[in-house]
Amino acid sequence: MQKSLLRFMGILALVGSNGCLPTYDPSAPQSNLPPAVATGPQQGGTDTSSAPTAVRPQNPADGVTVWDQSGDPNLVAQQLSNVGSLDVSARKHSCNKMKFDTLGRLLVSRGVDMKAGGTSILPVPAITDCSPLINATCAARADDRLSCLGNISQPAKFVYCDARLTLGLPQYSARLAEATGQSTASGTKLFDLFASAAPELVAGTLSGAGCMLAGKPAVLFNADNTCNEAGVTCLQGYPATDDQITLCSRVVAQAVATPAASVNLKVRNDDGSESITRTIAVSAITALETGKRLAVAAVLSAAHSCE
Amino acid sequence: MSKKNCMSSRLPSGSATLFAMGLGALFAPAMGCGNAEVGAAPASASGEGTPISYEHAATTTRPSLNLSTYRYIPSGDGLSSSTGKVDNLDRDVDYGLALRTASIKLHGDLPTLTDIRRMQAAVKAGKNDSTENDPSFVYNDLVHTYIFGTKDGSGKYVTTPEFRRQMFNFWRNQMRMGGTLTALFQASMTDMRSVSLDTAPALAARLTVEETDMTNLFTQSSNTCPTFDPVSATFADGSCAAKTDTFPGNNVPEGQQAGVLTNPGFLAQYYSNFGFRRSRLIQEVFACSALPSEFAAKPKQIGEYLYSSPWDFDSVTNNTDGHKAVFDAVNLPRTARGGVVAKNTEFVNFRGDCQNCHGTQNHRAPLFGVFDQVGFRSPTNKLMVTSTATGSPFAQIQEYQWQCNPDPAKPVANAVCTGAISWKYGLPGIDFGGPAVPNFNAFGKQMAADDTTAKCMMIRLWNNAYSRDDVVDQLALVPDAVIDDLTAYFKSNKYNLKMAMYKMYTDANFIRF
């Protein structure tokens, strides 16, 4: 279920957001190298590839590679003209990772529980013990905790706390500011965080202060289980478009149920073998519930990949 | 360069489908000063130092593109920042996105649903009449509230806790410091003291929030170690000279402090050999460029070196005749931590290719070198930063500038070296050494008077607002054509950062995507 969840989120993140993704440059750099001389037997016909042309933003390494390869500074100038001169590019909004601190407050203001024993865990410092935030199942035993944490989903507050380094907590002791760019690791962990928060948001109302309108919390889903515009708007901090609502509702409608499962928790013995300590029964999740969680996670992931 | 932390996911691996964000960071390579010498020149005269080569590690070389001059003429993009209100039919304008990103930066959270609805209604109405039906009016009003807060009973604006917290975090990130540091006190091998790394960002944040002249960051002479309570998001007064059981203060009297330049946390965080890291940080954070930072009108070819600094060639210590460091082992022995005497006469040979940066560095760093690992000033103004000579003795001023060599006719333990320090070439020199507290404030005033520091604050604000990278580490440059009028506005409004911030976030360019 979690693999499907992540695959859906990735696709929906690509398709569903029209508000926060940067504009991609149209084409990859063209090489001016002369074609390779055929030395083998002559072959008839045209050897062409039917693979689709790769479309991706050009990164600086590409620019230098093309220049090294082609030796033609005009080609580089052409690439630069696609981006624009510094006068132009400096005036454009870029897409940086959301600050770690901001992420925590965002979750609270949308209604996610970020408290331990009634006290807010924010701001999370570098040195902190996240074990009080583990769910009861994993907290019950210490010996199989690692196995439990790897197999049983945890509340968002634990993911936020435990993955603070990956999510970008600044390393001031190393004289480093908070990383500005999203890495693969931080992006993945961000999606994990939103996947963990989704069940809470679906189960409760959007009860955080940020989602109140005239004293009432915004609603995520209508009575017919379609996505509610106010709820999606509040989740992403930006007015939801009709297309986004439609896509969100489709995710809810087309999700498949997650069957019940038994998860064996293990502990590694001194000789390297593993022993099963306990078996946890994970309840089935209905198709509707799965869909709602997917939809919420996808909206959050797509919208908040950039600040 | 940012470090990437990779932690294995708790969830099953290899399943996530991610789209490439296409973000790359340019790496700013360190420039090597030249090839290492083979062997060291022998000491000739009595007390004359033995030169050692010291290389910065070079990682990659900067590509030289040699592009021909061309001019890109944008069609519809890149508006001048002085452009006024625009028609709502402009397809690039998106008040919703602008509100979202402004709220994230200034408020530390997404905009509330109430604010989003208010903005939506105004966009839908689409009027141009400075009412609730005018999206420009509503957007500006919301941003004004984020920055200036709301009026209290007396009609005075009170900033929100969220804005205060955001400013504190902003400056923490700019200065790359926060938390607490514990390190050795003075020349002790065992005496550990603690220093807060939050007071410098707190000072900068407080100046911002209270709309105080931001040049006070370099010149404020007292109350320069305020504290910030992250729970209540309030500032409290604090003196950097005040001592506690674990924190010794900075040993600079109130009235002679110089903003963050004498902040003990700031100095402790960037302790290094010769104090060069402190000097480099001041250059990069407050002047927004890496070294070399000073350029003569025309570079000169001097022997094998292309020399571009305006400082006289050989104005700093090096292994040429008349420019070597001389040590007085009797009256001024080289002592290391714990009182160990280093009996060598090694000194760093700042060769011609090193002098492009060290012409500047060697005229700045000694001023900050009198502070130890916890930011406490030596009572005798002895340099408390170590040299790279064998044994790591504490540095002596003549290792930076040969003009400060001890006078053999008048051996004085703490001689004054006249005019040794200045922010830039051509500015009045500030004396180093002697028993009096160094004139940190004069250095701070030189920085404050330099337009580069005002422009740098605008550049850092700009890059934060537009979600861009760091101007030095990732070369997210902002050209003069983009930032000049904002800098002029900032200066003309008594260096009020809040006002500059409001102008930036409500600019016609900011609302376009």
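Predicted model: local features only at pLDDT ≥ 70, side-chain atom pairs only at ≥ 80, totals over all residues.
Residues are numbered from 1 along each chain as its sequence is written, chains are lettered from A and ligands numbered from 1 in the order in which they are written, and side-chain values use heavy atoms, with hydrogens and water left out.

One of the links in chain B joins C404(B) to C417(B), with an S to S distance of 1.8 Å, and with -75° about the S-S bond this link is left-handed. The pair connects distant parts of the chain, since C404(B) lies in the loop between α10 and β11 (417-421) of chain B and C417(B) in strand β11, 13 residues apart; helices (H or I, at least four residues) and strands (E, at least two) are DSSP runs, numbered from the N terminus. Both C404(B) and C417(B) are buried, where buried means under 20% relative accessible area, exposed over 50%, and partly exposed in between, with a 1.4 Å probe and protein chains only. Two further cysteines of chain B fall into separate classes: C354(B) is buried, with a relative accessible area of 4%, whereas C357(B), at 22% relative accessibility, counts as partly exposed.

Over all chains, the structure holds 8 disulfides, and those of chain A follow the pattern 1-10, 2-5, 3-4, 6-8, 7-9, again with bonded cysteines counted along the chain. Among them is the bond between C130(A) and C161(A), whose sulfur atoms are 1.9 Å apart and whose link is left-handed, with -75° about the S-S bond. This pair links distant parts of the chain, with C130(A) in the loop between β2 (119-120) and α6 (136-139) of chain A and C161(A) in helix α8 (residues 156-162), 31 residues apart. C130(A) counts as buried at 5% relative accessibility, and C161(A) is buried with a relative accessible area of 2%.

A further disulfide of chain A is formed by C227(A) and C248(A), with their sulfur atoms 1.9 Å apart; the torsion about its S-S bond is about -75°, so the disulfide is left-handed. Because C227(A) lies in the loop between β4 (216-217) and α11 (229-236) of chain A and C248(A) in helix α12 (residues 242-254), the pair ties together parts that are 21 residues apart in sequence. C227(A) counts as buried at 3% relative accessibility, as does C248(A) at 6%.

A search of the whole structure finds 24 aromatic pairs over all chains, where rings of Phe, Tyr and Trp (its six-membered ring) pair if their centres lie within 6.5 Å, and planes under 30 degrees apart count as stacked, over 60 as edge-to-face and the rest as tilted. One of these pairs, F168(B) with F228(B), is stacked, at 4.5 Å centre to centre and with 25° between the planes. The pair links distant parts of the chain, F168(B) being in helix α4 (residues 161-175) of chain B and F228(B) in strand β6 (residues 227-229), 60 residues apart. Both F168(B) and F228(B) are buried.

F368(B) and F443(B), by contrast, form an edge-to-face pair, 5.3 Å centre to centre with 85° between the planes. F368(B) lies in helix α10 (residues 365-369) of chain B and F443(B) in helix α11 (residues 440-449), so the pair ties together parts that are 75 residues apart in sequence. F368(B) is buried, with a relative accessible area of 1%, and F443(B) likewise counts as buried at 1% relative accessibility. Elsewhere in chain B, ring pairs link F218(B), F266(B), Y270(B) and F286(B) into a cluster.

Rings of chain B also meet charged groups. The charged end of R193(B) sits over the ring of F185(B), 4.1 Å from its centre, by the criterion that NZ of Lys or CZ of Arg is within 6 Å of the ring centre and within 35 degrees of the ring normal. R364(B) lies over the face of W423(B), at 3.8 Å from the ring centre.

Definitions and conventions. Disulfide = S-S within 2.5 Å.
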